[in-house]
Amino acid sequence: MSMLKIFDVSGSAVSAQTQRLNVVASNLANADTVAGRDGKAYKARQVVFQTLMMGEQTSAGVQVSNVVEDNSPGRKVLDPKHPAADEQGYVTYSNVSPIDEMVNMISASRSYQNNVEVMNTAKSLLMKTLQMGQS
Amino acid sequence: MQRLTQALDFQAQALTLRAERQRLIASNIANADTPGYQAREMDFASALAQATSKSGGQGGQAGVGAAHDAFDSTPLGLGEQTNLIYARHSQDSIDRNTVDLDRERASFADNGVKYEATLRFINNSVRSMLDAMKSPNQG
């Protein structure tokens, strides 16, 4: 039943996209986090996708191979009254770009939908295959 | 017996190849966001020609005795030698991924419909074979 492998392939993609959405959610939640006493603010994270061969050459799934941090400097805002301000009066926020994250979120959710649709089609084809020769 | 199954053999090969192609397209869709992934395609016509020549080759006019030998396992579907080609890509992307999602979705729908069509062909030939086996007073 070579069609059953579609569920493995698309399932791996759905789970990878879920992880990507999770990371986007963490980034967005921490968009306004300020640096603690150590001066280190939250760094935006990104997942890295990698092809995962599943036995035969026609089935290639996806896995998250790594989660990398964006090392660009955080956003600095002049706000001397803020309790987390440094000596010059600057507050360091996280380096999350909400626009990038929203774009990332839309892309991840579209890919998720595509893969769910693939699984639905495969399921209906398999159900019809099971009824072969009856009717 | 072989006369009966011969008609089904071709459709069975086609169905298996359709299933493999469906899986290949699913892999491409799954890897639509993977950096460096090269989309692949199956040359369906040549794959089917290859699959049917290897199964239908031996003894088309086999007698009853040879029917058993002809029945043994010629594996369905893609053999070891592959018919996979890299898809021609329409737009370069910065992460060297060559999946064209619109085209893949279209191929997926197209292949699904053709899979169903093959399935229906099989069902119809099974039904006509069963009809031919019925005695006339059975209704």
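**Note on a predicted two-chain model**

1. Among contacts in chain A between residues at least 6 apart in sequence, 62% join residues at least 24 apart. Two residues are in contact if their C-beta atoms, placed from the backbone, lie within 7 Å. In chain B, residues 24 or more positions apart account for 83% of the contacts with a separation of 6 or more.

2. Ground rules. This is a predicted model, in which local features need pLDDT of at least 70 and side-chain atom pairs count only at pLDDT 80 or more, while totals for chains, interfaces and linings use all residues. Residues are numbered from 1 along each chain as its sequence is written, and chains are lettered from A and ligands numbered from 1 in the order in which they are written.

3. Confidence. The model scores ipTM 0.82 and pTM 0.81. Chain B has a mean pLDDT of 79, with 78% of its residues at 70 or more; pLDDT is the predictor's confidence in each residue, from 0 to 100. The pLDDT is below 50 over residues 57-73 of chain B, a stretch with 9 contacts in the model beyond near neighbours in sequence. Where pLDDT is low, the predicted coordinates should not be read in detail.

4. Elements. Chain A has 2 helices and 4 strands, in the order α-β-β-β-β-α from the N terminus on. Chain B has 4 helices and 2 strands, and its pattern along the sequence is α-β-α-α-β-α. Helices (H or I, at least four residues) and strands (E, at least two) are DSSP runs, numbered from the N terminus.

5. Shape of chain A. The radius of gyration of chain A is 22 Å, well over the 14 Å that the globule rule gives for 135 residues, so chain A is more spread out than a compact globule. The radius is taken over C-alpha atoms, and the rule is 2.2 Å times the number of residues to the power 0.38. Along the principal axes, the C-alpha atoms of chain A fill a box of roughly 80 × 25 × 20 Å.

6. Burial. Buried residues are 29% of the 135 in chain A and 28% of the 139 in chain B. A residue is buried if 20 or more other C-beta atoms lie within 10 Å of its own, exposed if 12 or fewer, and partly exposed in between, with C-beta atoms placed from the backbone.

7. A:Leu52. This residue lies in strand S1 (residues 45-53) of chain A. A:Leu52 counts as buried because it has 20 C-beta neighbours inside 10 Å. Leaving aside neighbours within four places in sequence, its contacts are A:Ser12, A:Ala60, A:Gly61, A:Val62 and A:Gln63.

8. Interface. 29 residues of chain A are in contact with 28 residues of chain B. On the side of chain A that touches chain B, the largest share, 9 residues, comes from H2(A). That side divides into 11 nonpolar, 16 polar and 2 charged residues. Ala, Val, Leu, Ile, Met, Phe, Trp, Tyr, Cys and Pro count as nonpolar, Asp, Glu, Lys and Arg as charged, and the others, Gly among them, as polar.

9. Helix pair. Helix H2 (residues 98-130) of chain A and H4(B) pack at about 5°, with axes 10 Å apart. H2(A) is therefore roughly parallel to H4(B). Axes are lines fitted to C-alpha atoms, for helices over the stretch in contact, and angles run from 0 to 180 degrees between N-to-C directions; under 35 degrees counts as roughly parallel, over 145 as roughly antiparallel, 65 to 115 as roughly perpendicular and the rest as oblique.
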